[in-house]
Protein chains: 2
Amino acid sequence: MPDHTESLDPLRNFIAALTRLVASTSNEEVLLREGRKLLAALIATDEWLPDDCARAHPDHYQQYLLHCDPLERFSIVSFVWGPGQKTPVHDHTVWGMIGMLRGSETGQRYEQAPDGRLLPVGGVVALRPGDIELVSPGLGDIHQVANAFDDRVSISIHVYGANIGAVARNVWEPETGLSRRFVSGYSSKTVPNLWDRSSAVRGE
Amino acid sequence: MPDHTESLDPLRNFIAALTRLVASTSNEEVLLREGRKLLAALIATDEWLPDDCARAHPDHYQQYLLHCDPLERFSIVSFVWGPGQKTPVHDHTVWGMIGMLRGSETGQRYEQAPDGRLLPVGGVVALRPGDIELVSPGLGDIHQVANAFDDRVSISIHVYGANIGAVARNVWEPETGLSRRFVSGYSSKTVPNLWDRSSAVRGE
Ligand SMILES: [Fe+3]
Ligand SMILES: [Fe+3]
Ligand SMILES: [Mg+2]
């Protein structure tokens with residue numbers, strides 16, 4: 001029987017492949033093209049997500065750090081949406097990939113008008129498990145994301161081109177265009193120990 | 001006032017520098033020479049060690065993973081020795097650096113005789129805070145380590161040239177030379193989130 005530790009293999013493989021990718025290029029187009037394939041493989045199954053990183057909070061969405069590249073070239077975060085929870089309108093300032101793992105989330109893009117107000121661009125897009133959405137300053141970086149469900153938890157896996165919890169970015173009140181500086185941090189003071197492969201090596 | 005997160009800077013800086021070092025060379029002599037300087041700087045102060053990785057267990061020593069390189073080229077572990085606790089005689093199979101952080105530990109080297117028995121080599125060496133000891137298959141890889149104190153906790157920071165918790169290695173009964181395959185694992189299912197620099201970025 002594979003134990004819990006062995007089930008982390010997809011996540012470890014993803015981390016190793018992304019580490020090699022960011023070491024090989026800093027070209028955003030290449031990172032997003034190749035990174036997207038790797039993320040698609042990761043979210044093709046979901047039993048690898050540690051339970052501690054799948055817990056909803058009653059009052060607000062959770063962002064659990066799964067892995068931060070030690071040179072802070074990328075980070076991987078589990079976003080857990082309780083029923084009806086949503087982000088403010090926000091940007092990222094770096095490239096990002098959103099891969100839907102469980103449930104569904106909706107996204108609405110925004111652009112800033114010359115008078116400063118934020119205007120919706122296109123319609124609401126719903127992500128289903130396996131779907132991937134990209135963001136970046138070049139592709140469109142401002143959006144609002146929400147759980148598509150008001151009666152259950154949804155989870156998406158986000159990958160960003162920086163240590164996203166420590167990036168100074170922006171949230172907006174769309175009607176007025178008023179913005180506020182925003183540093184998200186992370187929801188937990190620990191991350192799962194992804195590297196204890198001892199049971200598998202022992203042959204247990 | 002620096003907060004807890006800012007105090008992790010020495011550990012983050014060490015991880016980043018070692019990451020760059022292992023990306024630049026796989027020559028063990030260079031890794032140990034340069035790595036030793038980095039480790040010396042790390043253990044020159046000790047307020048950076050998270051409390052969760054400084055807790056002794058009443059029955060046996062603890063080995064808390066602080067960081068594993070995502071390509072498993074190195075790992076950093078906090079060894080916490082309760083009063084009187086010690087390891088069996090063991091090897092590592094990869095290079096290692098032991099940096100004394102708090103208290104003191106003693107080490108005894110062994111070599112395997114032609115008849116299989118393990119014989120002590122040299123005397124017992126005591127490490128004091130700031131001292132560093134090296135191990136590797138080339139330099140001498142078999143030893144037994146113990147808390148030098150029977151009335152207080154000692155802590156050393158170990159760096160190995162692999163994901164040490166998942167390495168198949170050996171423990172011995174020195175009198176008979178009987179050995180047993182040994183995979184240490186780690187003492188905790190979580191590691192500290194070293195990357196939440198959000199308070200510092202916010203200017204808090
Ligand atoms: Fe976003
Ligand atoms: Fe040892
Ligand atoms: Mg399993």
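Keep in mind that the model is predicted. In chain A, the iron ion (ligand 1) is coordinated by three histidines, A:His90, A:His92 and A:His143. In chain B, the iron ion (ligand 2) is coordinated by B:His90, B:His92 and B:His143.

**The iron site in chain A**

**The iron site in chain B**
- Here the NE2 atoms of B:His90, B:His92 and B:His143 coordinate the iron ion (ligand 2), at 2.1 to 2.2 Å.
- The spacing of the donors of ligand 2 along the chain reads H-x1-H-x50-H.
- B:His92 sits in the loop between strand 3 (89-90) and strand 4 (96-102), while B:His143 belongs to strand 8 (residues 142-147), so this pair ties together parts of chain B that are 51 residues apart in sequence.
- B:His92 counts as buried because its relative accessibility is 1%, under the 20% cut-off.
- B:His143 is buried too, with a relative accessible area of 3%.

**A proline to find: A:Pro88**
- A:Pro88 is in the loop that runs between strand 2 (75-81) and strand 3 (89-90) of chain A.
- With 32% relative accessibility, A:Pro88 counts as partly exposed.
- Leaving aside residues up to four places away in sequence, A:Pro88 touches A:Tyr61, A:His143, A:Gln144 and A:Val171.
- A:Pro88 and A:Trp172 are 84 residues apart along the chain, yet 7.1 Å separates their C-alpha atoms.

Notes:
Residues are numbered from 1 along each chain as its sequence is written. Chains are lettered from A and ligands numbered from 1 in the order in which they are written. This is a predicted model: local features need pLDDT of at least 70, side-chain atom pairs count only at pLDDT 80 or more; totals for chains, interfaces and linings use all residues. Side-chain values use heavy atoms; hydrogens and water are left out. Donors are N, O and S atoms within 2.8 Å of the metal (3.2 Å for Na, K and Ca); water is not among the atoms, so sites may look incomplete. Helices (H or I, at least four residues) and strands (E, at least two) are DSSP runs, numbered from the N terminus. Buried means under 20% relative accessible area, exposed over 50%, partly exposed in between (1.4 Å probe, protein chains only). Contact means heavy atoms within 4.5 Å.
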